[in-house]
Structure formats: C-alpha cells, structure tokens
Number of protein chains: 2
Amino acid sequence: MTPAPGSPGDVLTLIGAGSATTRSDLARLTGLARSTISQRVDALIECGLVEETENGESTGGRPPRQLRLHTDGHAFAGVDLGATHCRVVLMDMSGGVLAECEDPLLVAEGPEVVLGHVDERLDRLLAETGRPRAALRAIGMGVPGPVEFATGRPNNPPIMPGWNDYPIPEHFAGCAVLVDNDVNVMALGEQRNAFPGARHLLFVKIGTGIGCGIVAEGRLHRGAQGSAGDIGHIRVSGHEDAGCRCGNSACLEAVAGGAAVARRLTELGTPAETGADVVALVQAGNTQALRLVREAGRLVGEVLAGLVNFFNPEVIVIGGALSRVHEHLLAGIKETVYRRSLPLATHHLSIVPSRTGVNAAALGAGILAIEHYLSPDNVNRLVTA
Amino acid sequence: MTPAPGSPGDVLTLIGAGSATTRSDLARLTGLARSTISQRVDALIECGLVEETENGESTGGRPPRQLRLHTDGHAFAGVDLGATHCRVVLMDMSGGVLAECEDPLLVAEGPEVVLGHVDERLDRLLAETGRPRAALRAIGMGVPGPVEFATGRPNNPPIMPGWNDYPIPEHFAGCAVLVDNDVNVMALGEQRNAFPGARHLLFVKIGTGIGCGIVAEGRLHRGAQGSAGDIGHIRVSGHEDAGCRCGNSACLEAVAGGAAVARRLTELGTPAETGADVVALVQAGNTQALRLVREAGRLVGEVLAGLVNFFNPEVIVIGGALSRVHEHLLAGIKETVYRRSLPLATHHLSIVPSRTGVNAAALGAGILAIEHYLSPDNVNRLVTA
DNA sequence: GACCTTTGTTCGCTCATCGGCGAAACCGGG
DNA sequence: CCCGGTTTCGCCGATGAGCGAACAAAGGTC
C-alpha cells in the first residue's frame, strides 16, 4: 500500500526537496496540525535525519527555526563502472560531493576483481572524509550493460564478460545496493540536477556506442526486460552498407558512434581510432572531422526525431564522449529533429548538452542511492525502528 | 498527498480488481483489523458502491459473505468519435456493456452539433436500459486528434475543424468528462481487457493514418504536450518519393497507411480508395493487395523495431481498419521486428491483433471514465460526503 | 514599554483503530 | 441428532495518534 499522507517519510521528502524549511511550512503543505508536525520533526531529528539550524528571518513575529537534512553521519556512494574505468563518488544526503576518485579499470576483469576494487576505494574515500564504514547507507551503481534492476544482476551484458547474472548487491553486505544501466543513471542525474521541472526527459549518450536513458513522469523507464533505451541499433536510412557488431546493418551506432566516425575519418586519410581522437581533431580545427561530427549529429537526429514524435519529451540532453564537441553535434541533431518532428512536439522541446559532464553517471548513481534511502517507505521504517 | 493505506478507496480498489471478495480477504490484504474492514465495507455499501451477495463456499467454517461492486444505479459512458462516425457505449461499473449504438457523423460538423448528438444518444441509451440521467457518473471520450487531457480541450487537431481549444467537458454539466486521443483510449482498453498483466504495452492503430497508444507502468503515457504516440510521421528508409500531408516525405503513414496502400493499388491497376477497399480486396483473394498489405506490415515493423528497442514493451497490439486482415499485416510486422530488434527486447515480446475490435475505442473511453470514478481519491470523497 | 504577529510546545479531548469475546453459520464425526 | 472444530462477523472496551486550544517564546512596531 501507499504510505499514509503526512507520515514521517512525506515530511522528510518535503524538507529534502526544499519545499518546506520550517515547521509552519510543513503544517501548511501537509494540512496537519502544528503540534503533529512537531512530533514528526522531533522523531526525524531523533534518528538523525533532520537538523535544526539557527533562526530564520522574522516576517513580523517570532522567527522560525530552519530545518534541513542532517547530512553528517550519513554517506552515500555513486559508482560509475565503464568499460575501462571506475569512478567512485562519495556524497552526502543532499547530493553534495564529499570526495571522488577515478582509476583505469577493465570491467572485463570480472566481478570479484572490480567489486573488490570498488570496495577498497569506498573505504579510502570514507577514511579521507573521516567517516566510518557504518555511515555508508546505500550504494548506487551504473554499469555498461543491461541489468535486472530488481535483483541487481547484469543480463547478458555484451561488454562485461563474466558478469552475467552475477548478484552484485550481495558483494556489499549490510548496505542497500542499487544497480542500473549507466545511461539510466546519467539520465536520472541530469534530470534531478539540471531539469527538476521536466517530467519527461531523454538522455542520449554518444560514445563508442549510443544509448538513451528515459525519464517518464519523473521516474526512470526501464521497460519490460530492463533493456529500454537501447537506441544504438535502430536503423537509419541510406546506410545499408554499414555493418554493425550486432549482426545487422545500418544501425545508428554503426554510422554515428564514436568508433564509426573515427573509422570513416581514417578512410578519408586522417587516422583516428576512438571517439576521443575525433574530439581532439575537431578541437584542433580539422574540418573533415567537424563535418563528420555534424553528419553524425544529423543521423542521431533522424532517430531522435522519431522518438520525439513517439515519446514527446520536454528535454533531450546530449552526453557522452562526442558531446565534448557538442556545438557541432547539436547543430546536426537540432537541424534534423526540428525538420522531421511534429510542431506540437518540438514547440516546447529543448535539446541541450549535458551539464554534469564527466561525473554524470556517478552522480546519477548516487542520487539513485539517496532517493532509495529517503523514500517515504524506507524513512517510515527507519523512524519506527 | 497520497491517500491513506486501507482507506475506503483502497478497499474498493481491491474489491473492484477482484483481488478480494470477502471481508477476510480484505483484512489479510490490507493488514487492517477485521472490525475496521467491516466499518469500511459498511460505508461503501451505505453509499451504494458495494453490494453483498449470498454466502460463498465454506472452507470448513462459516461461509463468507461475498462482496462485489454494486453495479446497479451507476452508469458510465464511453464515446468514440471518429472522423465519420460516433459510437456510444453505456457501461456498468464493472466494465460490462449495457447498451451501445453507432451512427455516421462527421466530426467536422463541429462541437455543438456532434456533442449535441452524443448527448441525445446518451439519453436514449439510458432510457433503453431504464436508468435516469442522474445515474450517469462519468463520461470518457476518444477523439481523433491531440488533446490537452487535463482540460479536455483539443490541441490544433488537423481533422477536427472548429474544435481547437473547445472545452468539451463544459458541454456535459454535472458529470465528470475525460477526453483523450482515440488511440490512447484504445491502448487502455486493450491493456485492461486483454493484458492486465502487461505493464508496458503499445497499441498501434493502422487506418487511414497510423498512431500509437502507450501504456507505461500500467498507465497511459501522454508526453509533455499530450502528443506522444504520433508515430505516423516517423521516417522510413527508401521511400523519399512518398510525400505526406504533413509536408515531409517518407512518413510511415504516407507509405503504409490505408490511404497510401489504396493509392498504390490504384497505380497498379486495381482501383481502391480507402483502407476498407484494400481489406475487401485482400479478403477477396487479390494477391496484389495481399502483397502490398504485407509490405505495409514490413514498413510498420521497421518503425516498431526501433520503438521496441527504445521502449521495451511486453505486448504490441495491432488494431485499426487494416488489422482486419491481420494475418498478413502481422506477418510483415513480426518478420521485421524480430529481425531488427535486440534479442533481449524481443524474447518475451508478443505481437498480437486487437481483441476488442470495433468497440476498442469506446470501451477504452468507458474504462477511463470508470477508473476515474473508482480512483481512491474520488471514492474517499464520495464516502465522506 | 505596550501590543501585535508568528512560532513552537504542552496538554486534555476526540475519534479511529485494535483486538478480544461471543454469536452465527457450516462441517464432520460419533 | 448432537457436539466440538472452524471460520466469519458484529460488539465493545482499551489504546493511541492526531487535533486544537491555550500558553510560552521571540521578535517587530509604534
């Protein structure tokens, strides 16, 4: 069942979201009596979730005591596992970054090695910030492949050999662990940080591959098998010759992904191997690279145009390695989307570059963890315990 | 705020969904005391929402009194407005059809004429079934164009001249009116009637135009501007010569819609004007028509393949005029989807013809009305009043 | 300094909910 | 046919959560 209205969890949600900073605000918003609110707040302070700061501004009467999340004593981790790197961010309850680190690490080394590394890094970051391991409440993790979110088990991930069906949460005993696809957590992070008002948002990651995180009604849409957002293998017209690693041809990823652009550039006489090489060439002013990036944008835009008609988002965020040269990429994308999508859907549509940058996935994963811990259900459990 | 757990609304939801048929069931499911449940049930009986039938089967002790929705005394209407027809269905609270009617009616005649017609038909159906007008609790309506759902106003509908921004609900005073796109209500009806277990479902309507209703997490996804699901103008590869009424070319609708197939058939020497003509030709065994329908299926399948990767539904339902020859249409669709979509997404995917047929939109609209009336919030309001 | 405004707490009161008890209803065994 | 076992359901006293009034605290205003 849904939690009761005005429960401690709801009260905390209002404080955490910044909708209410005083007891009076809470009474007004929830409709509960001031005395009841005081009880709730006392309970939340009791168990360390809320703290009182000094008096706020008077509006003519007694100045209200300000309330906010009690960030000390709780820590959350966001983990970004990429094909070749591991980024760990330690966050407080309000989403602020306490410490972070990144290391090269091959996800292909398998779960024991990689999760051991994460564990060690977590300990180090906790020590750096002077917190005991017990302060760590929840871990969010983004991984480069499909995951069954409910159980935290990767589902036949193509670039994570040895991880299939591995129960990641069991590796971190005594701590809630939420595992999701990396693009999903990036979408979540971007929506919560940069576009809290947007209920429907797409996050498109253009790196070696191309993926999409979907926020619908303010929540992540994962689909029936958790594979939603896999747009890298949607067909684009006029490129039947481009073979893809998935076995089909004319996949978006095979013509507009970082690796594909690099390969074409090589064919044209400018050696490049990865998306990063392409970015470097564009930044150095190579016009051929620039032209190809813009063309890649058009191809991505062709697919997005269809998805805009289908999904009708308010915001599309473009991220990933290639987005470092987003002026040119975005130009191609916008050109095609605004030409090929319906006016009603594009009229209020924003297409923007990612604002969270390299930390996007780790931050989003941390937010996943924090929101889980601060969900009304969980808070009610904590308070009554 | 969310309604309290175990509120009258929740209790009614459990009874309505068939999850609980006795007081004991309710106590077990809600966790409330048996005495509390009795109070709730009494209140619901008091205001005519629930009725007690005679004793059920004993399981060794006293046989429980069965509970079910009290369908008498409440009526709901589902209205399906098409470009050239108007279908009205009168339903009881459990979704059963009490009476129905259909008339040819041009939506282009404008809101006053059309809604006046609807009003008159409603009165007639109510009289037929011996119910007073006051028994009508809510009206659901599906219209052939985009609608702002919250206000029930059409939003620049291309084939509904005179309806732009017209406040449809105001025409039916004293009765809740919910207006949505016709494809959305068809999707809802199909999901609730035929696939209650499917949380993510697409309903694709292939008629003159092509549209798609989206059910995500069991609820309709309407998108930011209420234009989600407009897949008729997604580009398909290799048909740059096909101009579309929207001004672009190579739109799905312009190559695979009923009108487009008919036009091609005409070009090939077999005169046809509408999708219905095409259906008739296929049913008569015309192999050219059959081939074109199958080809249309492939084109729809190409678009759906991308949407399957993006959205990852459990079920895709194919409806609309052309689906009367669904064997051939589905063959083309499945062929392409299973070839072009990712295995993870297609493994548990069903692609099936519509089961509700010609009544789909009206039934779905009625369900929209019933679910609104039986929503926990509304029921709590009714009970306390 | 008197008075007003706003905030926060204390303290009875009320009412919803709980849980136990007994009645009702049905089954099966002696 | 009677009687204990079992399950359902209404009644009723006990309980506790939430409410609102009254009061205390803290600041502004004239």
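This is a predicted model: local features need pLDDT of at least 70, side-chain atom pairs count only at pLDDT 80 or more; totals for chains, interfaces and linings use all residues.
Residues are numbered from 1 along each chain as its sequence is written, chains are lettered from A and ligands numbered from 1 in the order in which they are written, and side-chain values use heavy atoms, with hydrogens and water left out.

What does B:Arg133 form a salt bridge with? The partner is B:Asp119, with the closest N and O atoms 2.9 Å apart, where a salt bridge is a side-chain nitrogen of Lys or Arg within 4 Å of a carboxyl oxygen of Asp or Glu. B:Arg133 lies in the loop between helix 4 (111-128) and strand 6 (136-143) of chain B and B:Asp119 in helix 4 of chain B, so the pair ties together parts that are 14 residues apart in sequence. Helices (H or I, at least four residues) and strands (E, at least two) are DSSP runs, numbered from the N terminus. B:Asp119 is also partly exposed, at 22% relative accessible area.

Over all chains the count comes to 44 salt bridges. In chain A, A:Arg222 forms one with A:Asp180, the closest N and O atoms being 2.7 Å apart, and this pair links distant parts of the chain, 42 residues apart, with A:Asp180 in strand 9 (residues 176-181) of chain A. Both ends are buried, A:Arg222 at 19% relative accessibility and A:Asp180 at 2%. A:Arg222 also lies over the face of A:Phe149, at 3.5 Å from the ring centre; the rule asks that CZ of Arg or NZ of Lys be within 6 Å of the ring centre and within 35 degrees of the ring normal. In chain B, B:Arg222 lies over the face of B:Phe149, at 3.5 Å from the ring centre.

A further group in chain A is a network of salt bridges that links A:Arg294, A:Glu295, A:Arg298 and A:Glu335. Within that group, A:Glu335 and A:Arg294 have their closest N and O atoms 3.7 Å apart.

Now to the interface. The contact, meaning heavy atoms within 4.5 Å, takes 50 residues from chain B and 50 residues from chain A. About 4,300 Å² is buried between the two chains, 58% of it from carbon and sulfur atoms, where buried area is the accessible area (1.4 Å probe) that two parts lose on being put together, summed over both. Two salt bridges are counted between chain B and chain A, including that of B:Arg235 with A:Glu302, at 3.7 Å between the closest N and O atoms.

Finally, the rings: those of Phe, Tyr and Trp (its six-membered ring) pair if their centres lie within 6.5 Å, with planes under 30 degrees apart counted as stacked, over 60 as edge-to-face and the rest as tilted. This gives seven aromatic pairs over all chains. A:Phe310 and B:Phe311 form an edge-to-face pair, 5.9 Å centre to centre with 75 degrees between the planes. A:Phe310 lies in helix 9 (residues 287-311) of chain A and B:Phe311 in helix 9 (residues 287-311) of chain B, so the pair joins two chains. A:Phe310 is buried at 0% relative accessible area, and B:Phe311 is buried at 3%.

How values were computed. Buried means under 20% relative accessible area, exposed over 50%, partly exposed in between (1.4 Å probe, protein chains only).
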